[in-house]
Amino acid sequence: MRRRNQTRAGQIFDIFNHFFLVILAVACVLPMLHLLALSFSSKDAIMAGKVGILPVGWQVDSYITIMKTKAFLDATLIAFVRTILGLVINMLLIVLAAYPLSKEESSFKARPFYVWFFLLSMLFNGGIIPTYMVVSYTGLIDSIWALVLPGAVPVFSVILLQNYFKSIPQELCEAAQIDGASHWRILFKVYLPLSKPVLSVLVLFSAFNHWNSWFDGMLYINTISKYPLQTYLRTIVVKIDPSRVSNLRDLENICAENTNAAQIVLAMIPILLIYPFLQKHFAKGIMLGSVKG
């Protein structure tokens with residue numbers, strides 16, 4: 001849409017910007033459509049290379065087979081438990097860390113120390129081997145806690161929420177204190193209800209991170225049956241494992257591309273269902289949380 005009094009250079013930039021965003025959107029959507037088409041296409045069409053963005057030789061045997069695969073169902077359950085558990089821990093610690101850090105130094109004397117502590121932990125880390133040793137020595141290896149506790153405090157999210165809390169007028173906090181409200185009451189009755197946009201963004205960040213994470217599963221989990229979904233998908237080999245199909249009929253109708261694509265599509269569904277409900281808060285929450293008040 002052309003704005004009034006816009007220069008020629010501005011118009012050219014808008015055209016280029018819209019064109020670039022359309023190309024970027026298409027580049028993101030096409031692989032998803034191709035995976036969806038593969039999951040619903042017949043084995044012969046896939047082997048012949050006829051499948052593009054539309055299914056060829058429609059079939060749902062790959063989804064039926066996956067629903068009978070215990071390893072996939074177990075991995076999905078572990079991923080849901082990990083996401084819910086990690087989300088609760090992340091949001092609780094983010095809120096409890098951001099609230100005192102949003103106060104002035106006159107109210108919280110140790111604030112500078114903790115600010116630098118969090119910033120340094122975000123910029124520098126000990127690396128994979130020291131982190132693995134810490135997880136190992138604390139007895140978390142091969143348990144779901146190894147997937148949740150090492151990243152329990154996302155510092156970037158703490159900074160976003162801290163900056164948003166600082167933008168809330170102090171008069172509200174002072175009025176609540178005059179009425180006798182404690183810090184806990186101020187946090188849960190004043191700050192959190194006013195922070196729904198940025199909290200929605202942080203929930204989205206945390207859920208995405210836990211649901212899509214696969215590397216920590218390979219690093220800390222030794223038992224394949226305890227793999228979360230993304231780690232399980234990562235370990236899928238190109239060749240079909242006979243234990244993943246229920247009978248000879250499945251072997252005739254599906255191939256590795258069928259089952260792999262179908263499992264990836266199923267893994268995307270929970271995020272695709274959640275995102276539309278939180279998307280309206282996304283841009284607003286990022287802007288509000290990233291600008292210091």
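This briefing walks through the fold, the cores, the salt bridges and a few individual residues of one protein. The model is predicted, with a mean pLDDT of 81 across the protein. It has 293 residues, of which 39% count as buried, and its secondary structure consists of 15 helices and zero strands.

**Overall fold and surface**

- If you look for strands in the picture, you will find zero of them, against 15 helices.

- A pLDDT of 70 or more is reached by 86% of the residues.
- Among the helices, α7 (residues 145–148) has the highest confidence at 93, while α14 (residues 248–253) has the lowest, at a mean of 48.
- Please read residues 238–249 with care, as pLDDT stays under 50 there; the model gives this stretch 22 contacts beyond four places in sequence.
- Residues 289–293 also have a pLDDT below 50, and they make 13 contacts in the model beyond near neighbours in sequence.

**The nonpolar cores**

- The largest nonpolar core holds 27 residues, and the ones with the most contacts inside it are Leu-161, Phe-165, Ile-186, Leu-187 and Tyr-191.
- Six helices each supply at least two residues of this core: α4 (70–101), α5 (111–123), α8 (155–167), α9 (170–178), α10 (183–191) and α11 (196–212).
- Helix α4 gives the most, with seven residues.

- Val-22, Val-26, Val-29, Leu-30, Leu-33, Leu-36, Ile-53 and Leu-54 together make a nonpolar surface patch of about 650 Å².
- One of these residues, Leu-36, lies in helix α1.
- Leu-36 counts as partly exposed because its relative accessible area is 36%, which falls between the 20% and 50% cut-offs.

**Three salt bridges**

- The count of salt bridges comes to three.
- Asp-74 pairs with Lys-70, with the closest N and O atoms 2.6 Å apart. Both residues lie in helix α4, four residues apart, or about one turn of the helix.
- Within that pair, Asp-74 is partly exposed at 25% relative accessibility, whereas Lys-70 is exposed at 60%.
- Arg-82 pairs with Asp-216, also with the closest N and O atoms at 2.6 Å. This bridge links distant parts of the chain, from Arg-82 in helix α4 to Asp-216 in helix α12 (residues 215–220), 134 residues apart.
- Both partners count as buried: Arg-82 has 1% relative accessibility and Asp-216 has 13%.
- Lys-226 and Asp-142 meet in a salt bridge with an N to O distance of 3.7 Å. Lys-226 sits in the loop between α12 and α13 (229–234), and Asp-142 in the loop between α6 (128–137) and α7, 84 residues apart.
- Here Lys-226 is partly exposed, with a relative accessible area of 39%, while Asp-142 counts as buried at 17%.

**Two serines in one loop**

- Ser-41 lies in the loop between α1 and α2, and Ser-42 has its place in that loop too, between α1 (8–40) and α2 (43–47).
- Ser-41 is buried because its relative accessible area is 0%, under the 20% cut-off.
- Not counting residues up to four places away in sequence, Ser-41 touches Ile-46, Val-51, Leu-54, Pro-55, Val-56, Gly-57, Gln-59 and Asn-258.
- With residues up to four places away again left out, Ser-42 touches Val-56, Gly-57, Gln-59 and Asn-258.
- The C-alpha atoms of Ser-42 and Pro-55 are separated by 8.1 Å, although these residues are 13 residues apart along the chain.

Conventions:
Residues are numbered from 1 along each chain as its sequence is written. This is a predicted model: local features need pLDDT of at least 70, side-chain atom pairs count only at pLDDT 80 or more; totals for chains, interfaces and linings use all residues. Side-chain values use heavy atoms; hydrogens and water are left out. Contact means heavy atoms within 4.5 Å. Patches are made of residues with over 30% relative accessible area and no salt bridge: like charges are joined within 9 Å, nonpolar side chains (Val, Leu, Ile, Met, Phe, Trp, Tyr) within 5 Å. Accessible areas come from the Shrake-Rupley method with a 1.4 Å probe; for residues, only the protein chains shown count as cover. A salt bridge is a side-chain nitrogen of Lys or Arg within 4 Å of a carboxyl oxygen of Asp or Glu. Buried means under 20% relative accessible area, exposed over 50%, partly exposed in between (1.4 Å probe, protein chains only). A nonpolar core is a set of buried Ala, Val, Leu, Ile, Met, Phe, Trp, Tyr and Cys residues joined through side-chain atoms within 4.5 Å. pLDDT is the predictor's confidence in each residue, from 0 to 100.
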